[in-house]
Amino acid sequence: MTPPGQQDAGRSFSRRGGPRRDSQGRTRNRGQSGGPRQYSASVPRERRRTADPARLTAYEVLRAVSQDDAYANLVLPQRIAHHHLDQRDAGFATELTYGALRGQGLYDAILAECVDRPLGQLDAPVLDALRLGAHQLLGMRVKAHAALDSTVALVRDQIGAGPSGLVNAVLRKVAAQDRDEWLDRLTPDPTSESAQSIRHSHPQWIVRALRQSLVTHGRPAQEITDLLEADNAAPVLNLVALPGLGDLDPVLAHGAEAGPLAPGSALFRGGDAGRIPGVREGTVRVQDVGSQLTARALAAAPLDQRDGSEPERWLDLCAGPGGKAALLAALAAERGAHLLANEVAAHRSRLVEQALTAVPQQSWSLRTGDGRTIGEDRRGPSGDFHRILVDAPCTGLGALRRRPESRWRRQPSDLAPLTDLQRELLDSAVGVLAPGGVLAYVACSPHPAETVVQVQDLLRRHPQLELLDAPDAMISVAPGLERSTVAGPEHPGTAQLWPHLHATDAMFLALFRARPSGAAAIDPDQES
Ligand SMILES: C[S@@+](CC[C@H](N)C(=O)[O-])C[C@H]1O[C@@H](n2cnc3c(N)ncnc32)[C@H](O)[C@@H]1O
């Protein structure tokens, strides 16, 4: 497939029937006549002035991300629709946007070698355009002349003629070496942490945190390379047919394949999710398989000493935007249980409501409020919940492949306030957990401080809790899952999924059960 703009660039290149000459008759274009360069050497002034819509789309998303702190996955579909991109151009714009965002660390390191001033002194729009050019040159199969010509046209069109000469000159330097040559030049010792940070385009503190996470969860430290690579691969769309509501057959007939791990799941590589049968109706939902497994494991975990005379009450304490709530509500509806979905942010609470529209109304209700005050609404023991999900706000280090810009936004200093909030939300949840009820703690992060340390601390603070076997609960809903890949020897009761092993987000799950009143507490240190 010829990338957008590549044919155009080729046409403008040959329109004059041979190399261009300057007013003295000197050849301006040595790239066409068999020299090593593929790009046009024509002066920028003579190039096309308009940006092609696919590249313009990617540029607009990068601008929104760096200027307005926008989320690429939310802005990109809007810009694709605005520019009426067909499927091919939409695919190109998606790869260009996400690739440039994920690869930003590597591309900035390369650009820094090619610019005669610190990158921070470049205008932000120019830097974004350079990143797009660099990704086309080094990360996509776009011919060098097309990458250059189209990026310069984009700059002329969107920023002005002034910086187009700089962009042209810088991208020529970038194009003078291929990706491997750049990697060798920038990282002579490829095994060092700083080299891995550049090679795999992750901030160094995240490389360190992920390596530490692997070791904590019983994985070899060498897997860090696979993990970082998995973060950079475009994720396949994961789908779930809501139990009792969604139908997977038309989804499979539409070109999806059955998901190998989770029941009722499918994987789709064909692009536009909106056209998949059931997605518009909300009975089939886009949801990472790891998320599906954590919700299903909570629903499957055994309660203790319940007589079953009254319907189970379930709580999703941090529900927005509603992915797990929708799956839980559908499971609750099948079992005659009721789910209360709670979310603190009003706009995210509305997203939860939308996510739940396909589920019968009598099976769920919504609360918009701080999860830390949920106990204040409780009136006597009837307010206690039998199954509670605490999918707390976290660093999201486990979902870097799906949120391409997030690795550059997160800071190490984010960790402490997040772990404080996780602890407070967990304590609040324990306060409304019925005796014999099950609490699931989920984090979209493998970071030790957000996972196993939270578990140990919670068990210490609440001796009435026992740790259930989360890997077992997961395997009970996903028989294809190998225990050794989710349970480490030091924390065998907790489950950790990995992008490079399971093709899911790095989701963490711990399950706790409140001992029924009167049952003896056990020393938590012996238990975990
Ligand atoms: C990791 S997300 C939950 C994802 C969700 N379970 C899903 O599957 O779609 C965490 C959510 O917690 C919400 N949140 C943050 N602080 C909260 C609080 N104090 N009480 C309740 N929710 C909170 C955030 O707004 C965010 O929507």
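Asp 272 is partly exposed, because 14 other C-beta atoms lie within 10 Å. On this scale, 20 or more other C-beta atoms within 10 Å make a residue buried, 12 or fewer make it exposed, and counts in between make it partly exposed; the C-beta atoms are placed from the backbone. Asp 272 sits in the loop between strand 3 (265–268) and strand 4 (284–286). Helices (H or I, at least four residues) and strands (E, at least two) are DSSP runs, numbered from the N terminus. Asp 272 and Leu 127 are 145 residues apart in sequence and 30 Å apart in space, C-alpha to C-alpha.

The model is predicted: local features need pLDDT of at least 70, side-chain atom pairs count only at pLDDT 80 or more, and totals for chains, interfaces and linings use all residues. Residues are numbered from 1 along each chain as its sequence is written.

**Overall fold**

The protein has 23 helices and 12 strands. Of its 528 residues, 49% count as buried. Among contacts with a separation of 6 or more, 74% join residues 24 or more positions apart. Two residues are in contact if their C-beta atoms, placed from the backbone, lie within 7 Å.

Two packed helices are described by the angle between their axes and the distance between the axes. Axes are lines fitted to C-alpha atoms, for helices over the stretch in contact, and angles run from 0 to 180 degrees between N-to-C directions.

| Pair | Axis distance | Crossing angle |
|---|---|---|
| Helix 2 (residues 53–68) and helix 6 (residues 124–138) | within 10 Å | roughly 130° |
| Helix 2 and helix 3 (residues 72–82) | within 9 Å | roughly 145° |

The axes of helix 2 and helix 6 cross at roughly 130°. That makes helix 2 oblique to helix 6. Angles under 35 degrees count as roughly parallel, over 145 as roughly antiparallel, 65 to 115 as roughly perpendicular and the rest as oblique. The crossing of helix 2 and helix 6 is right-handed. A crossing is right-handed if the near helix is turned clockwise from the far one by less than a right angle, and left-handed if anticlockwise. The helix 2 side includes Arg 55, Tyr 59 and Leu 62, and the helix 6 side includes Pro 125, Asp 128 and Leu 132. By class, this contact has 7 nonpolar, 2 polar and 4 charged residues. Ala, Val, Leu, Ile, Met, Phe, Trp, Tyr, Cys and Pro count as nonpolar, Asp, Glu, Lys and Arg as charged, and the others, Gly among them, as polar.

Helix 2 also passes helix 3 in a right-handed crossing. Thr 57, Glu 60, Val 61, Ala 64 and Val 65 in helix 2 meet Ala 72, Val 75, Leu 76, Arg 79 and Ile 80 in helix 3. The contact of helix 2 with helix 3 has 7 nonpolar, 1 polar and 2 charged residues.

**Annotated positions**

An unreviewed UniProt entry lists Cys 444 for "active site". UniProt positions are in the numbering used here, feature names are shortened, and annotations may be inferred rather than shown by experiment. Cys 444 lies in the loop between strand 9 (433–443) and helix 19 (452–461). Cys 444 counts as buried because it has 26 C-beta neighbours inside 10 Å. Leaving out residues up to four places away in sequence, Cys 444 touches Cys 394, Gly 396, Gly 398, Ala 399, Asp 505 and Met 507.

The unreviewed UniProt entry also gives a "binding site", with Ala 319 and Glu 343 among its positions. Ala 319 is in the loop between strand 5 (313–316) and helix 15 (323–335), and Glu 343 lies in strand 6 (residues 338–343). Ala 319 is buried, with 33 other C-beta atoms within 10 Å. Glu 343 is buried too. Ala 319 and Glu 343 are in contact.
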